[in-house]
Amino acid sequence: MDDDQTPIRTRSRRGSRGPTRMKRLSLKRVVGETTCVGIAVNTGVTFGPNVDSFNSYLGVVSRERLSILINSWDEVSEVDQNML
């Protein structure tokens, strides 16, 4: 077979990942279940049994609200800073 007759194989992805939506956390809110997280006033460090879910949720919210092109926190509008 010639080089110009060689079949071309393309890789296809079965399913792309898509955005994280924190479905479990949303379901807890719908059911009325509360998730509590403590935040240390001095350091701002979170603690408690739901801290991993809370930190993941903050990542989801910030990715939805802020552009990836923002270089620093100073460039974020005050409204978005207060919301986050």
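Colleague: What makes up the fold of this chain, in helices and strands?

Modeller: This is a predicted model, and its chain has 3 helices and 2 strands. Starting at the N terminus, the elements run α-β-β-α-α.

Colleague: How do you know how much of the chain is buried?

Modeller: A residue counts as buried when its relative accessible area is under 20%. Of the 84 residues, 11% count as buried. The chain exposes about 8000 Å², and carbon and sulfur atoms supply 50% of that area.

Colleague: Why is Asp80 called buried?

Modeller: Asp80, which lies in helix α3, has a relative accessible area of 16%. Buried means under 20%, so Asp80 with its 16% is buried.

Colleague: Which residues is Asp80 in contact with, once its neighbours within four places in sequence are left aside?

Modeller: Those are Arg65 and Leu66.

Colleague: What makes Arg65 and Asp80 a salt bridge?

Modeller: The rule asks for a side-chain nitrogen of Lys or Arg within 4 Å of a carboxyl oxygen of Asp or Glu. For the side chains of Arg65 and Asp80 the N to O distance is 2.6 Å, so the pair meets the rule. The pair links distant parts of the chain, with Arg65 in helix α2 (residues 51-65) and Asp80 in helix α3, 15 residues apart. By this rule the count comes to 1 salt bridge.

Colleague: And Arg65 itself: buried, partly exposed or exposed?

Modeller: Arg65 has a relative accessible area of 42%.

Colleague: What makes the span of α2 close to the expected one?

Modeller: Helix α2 has 15 residues. The expected span is 1.5 Å times one less than the number of residues, and for α2 this is given as 21 Å. From its first C-alpha to its last, α2 reaches 21 Å, so the span is close to what is expected.

Colleague: Which residues of α2 are buried, and what do they pack against?

Modeller: Val51, Gly59, Val60 and Val61 are buried in α2. The buried residues of this helix pack against β2 and α3.

Colleague: Where is Met83, and what does Met83 touch beyond its neighbours within four places in sequence?

Modeller: Met83 is found in helix α3. With those neighbours left aside, Met83 is in contact with Val61 and Arg65. The C-alpha atoms of Met83 and Ser62 are separated by 9.5 Å, and these two residues are 21 residues apart along the chain.

Colleague: Why can Met83 and Leu84 belong to a nonpolar surface patch?

Modeller: Patch residues need over 30% relative accessible area. Met83 has 38% and Leu84 has 31%, so both pass that cut-off. Together with Trp73 they make a nonpolar patch of about 280 Å². Leu84 lies in the segment after α3 (78-83).

Colleague: Why is Val45 called partly exposed rather than exposed?

Modeller: Exposed means over 50%. Val45 has a relative accessible area of 49%, so Val45 stays on the partly exposed side. This residue is found in the loop between β1 (38-39) and β2 (46-47).

Colleague: How do you know what Val45 touches?

Modeller: Contact means heavy atoms within 4.5 Å. Not counting residues up to four places away in sequence, Val45 touches Gly38, Ile39 and Ala40.

Definitions and conventions. Residues numbered from 1 in each chain as written. Predicted model: local features only at pLDDT ≥ 70, side-chain atom pairs only at ≥ 80, totals over all residues. Heavy atoms only, no water. Buried < 20%, exposed > 50% of the residue type's maximum accessible area, 1.4 Å probe, protein only. Areas by Shrake-Rupley, 256 points an atom, 1.4 Å probe, with all protein chains shown as cover. Patch = residues over 30% accessible without salt bridge, like charges linked within 9 Å, V, L, I, M, F, W, Y side chains within 5 Å.
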